[in-house]
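Dear colleague,

I am handing over the structure that I have been going through, so that you can look at it yourself before reading my notes. Please keep it open beside this email while you read.

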Amino acid sequence: MPRVGDMPDGARLIAVLGGLPTITGAPQLGSESQILPFQSVGDNALLGAESSSGFFLRRGTLDRRAAELLERVGLDIAPGRPALDLDTVDRRIVELARALARAPETILVDDRQSRFTSAETERWLRALRRAAISARILVSVEGLADLHQAAESVDLVAVVRDGVVVDWAQPADAARLAESLVPSEPSAARPDRVLGPIVLELRGVSVSHPVRRERLAVEKVTLTVRSGEIVGFGSAQDLVLGIFGASTGGAVTGEIRLDGQPADLSSVDRAIAARVLFISEHPPTYDIGLIGGIPTSVSGTSLARLARLGIIDKRREYIPRRAPSMLLEAIPGAASRPSTSDLNEVLAGWVAQPPRVAILTEPFSGLTPTETGERRELIEALAAAGVAVLVEATDALQLVGLCDRILLQTGTRLETELRGDDASARGLIAHRLRTHLQR
C-alpha cells in the first residue's frame, strides 16, 4: 500500500513525480519567470517581503537583507545589479531567494518545462541544495534524469496523484516507486506494421526560443521516420513544431530532408505545400499580458513578430502553454482549440488524401476513453495509408500501444529512444526513474 503521510524530517530536497502536491501557503516557482527585469536583483529578491520589517527602511538595510538571501541560495551577485543583466538560471535562483524571504517551511518548484543545458542544470541544482538548508523543497520533474546525478543530489522521491503525496521512497528504490507510478491497467499491445522507405530525415536539427534566439529549446536532433511509421515524442513540442514551418517562432537550423531530398520547410505555407501537415487538440500559445485591457495569448510566430517590433518585453521569460489561459476561457468565443469532432474530420480527410508527414500534438488530451479509441484508430489509419506520423504529448504514457518507438526529451536534447517492449508503460516508468542521462 502507498505510504501516505509525513515524509521523513531529514528529507530536505525532494524530487516529485506526477505533478506538485497541494500545500496551503507554500510559495511556488512556476515555469514562467516572475522577475521584474527593470528592478535590481535585490528588489526582486525582496519583492513582497519588504513590509515584514516596515516600509521606511534605508537602502543599505534592504541591500543587506537581499545579500543574505542571495547567500542562502549561493548566488554571488551584488543586490544593486540590474535584473535584466541576469541569465535564465540566475533569474530563477533569484526567484528561489524571494521564496526564502517569506521564511516558509516548504517551497514548491515546477521544473517540468525547464529547458536547461547540462551546465545550467548543475548550477540550478546547487542553488536548490543550498536553499534546502532553510526550507524543504519539492521539485516537480518529468523524470529523475532531469536532475543530473539525482541519486546523489536529492534526499527522497515522492509520487503525487491528484495533488496528494501517495508514496515516497529513496531514489535507489526503483521497484517501490515503479509500483506507485505504473498505471493500474495494462496498455494495449502495439499492432505490427509494415514500414516503407524513409520519408522524413533530420540531420542535426536545432530549434531556438522564439524571442531569445541565443537559447536553444532543442538541439542537434538526428533521426529518420519511415512511411507507415508512428513515432511518439514525449515533451518535445518545440521539435515537432519546428519541423512544421518553424511554427514555434524560433530559428530552425540543421537539415530537413523529404524522400531523400533537401526540403525547405521554413514557413507554414512551404510545409503545407510539401504535404507536411499539423493539427493539435491544444495548440501551444504564449501569454503576453494585457493588450487594450484584454488578456492576450499568441502563437510562437506571433510572439517572435511582436518581439521584433518591440511591442513586448524581450527580457521576459515566455513559456508555451498547452491550453488556453483561464482568463481567455472566460471570454465568450475566445476558445482557441478545435472541437473533437472537427479534428477527427480533418484526420479522416488526411486518410482519404494522405500527406507525406502528419504531425499531431496532444491528440488525446481531454478525451474520454471512447474518444481516445476513435482517435487512435484514425492515427493508425494514417500510418496504414503510408504516412510518416509524428505524435507528441506531454504525458508520454498516452503514446503507449500506438507508437512504433517513443523519443523522450530531457533538457534540450532527445536523450532516450524506447522500442519494442521498452515502448511500454513499464518502460516509460523505468526511464522516469533513471537517475543519469544517456550520453
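In which order do the six strands of the open sheet lie? Please bear in mind that the model is predicted. The order is β12-β15-β16-β9-β17-β18, and the pairing in this open sheet is mixed. At its edges are β12, residues 276-280, and β18, residues 413-419, each of which pairs on one side only. On average, and with direction ignored, neighbouring strands of the sheet are turned by 20 degrees against each other.

Within the sheet, β9 (residues 230-234) and β17 (residues 405-410) run parallel and are joined by four bridges; in β17, Ile406 is the bridge partner of Gly232. Helix α12, residues 369-384, lies across β9, β15 (357-361) and β16 (388-393), and runs at about 150 degrees to β16.

Turning to the nonpolar cores, the largest one has 51 residues, of which Leu96, Ile107, Trp124, Leu128 and Ile137 touch the most other members. Helix α3, residues 88-100, gives the largest share of this core, namely seven residues. If residues up to four places away in sequence are not counted, Ile137 touches several residues, among them Leu13, Ile14, Leu96, Ile107 and Leu128.

With best wishes

Key. Residues numbered from 1 in each chain as written. Predicted model: local features only at pLDDT ≥ 70, side-chain atom pairs only at ≥ 80, totals over all residues. Heavy atoms only, no water. Pairing = 2+ DSSP bridges. Helix = DSSP H or I, 4+ residues; strand = E, 2+ residues; numbered from the N terminus. Axes fitted to C-alpha atoms, helices over the stretch in contact; angles between N-to-C directions. Contact = heavy atoms within 4.5 Å. Core = buried A, V, L, I, M, F, W, Y, C linked by side-chain atoms within 4.5 Å. Buried < 20%, exposed > 50% of the residue type's maximum accessible area, 1.4 Å probe, protein only.
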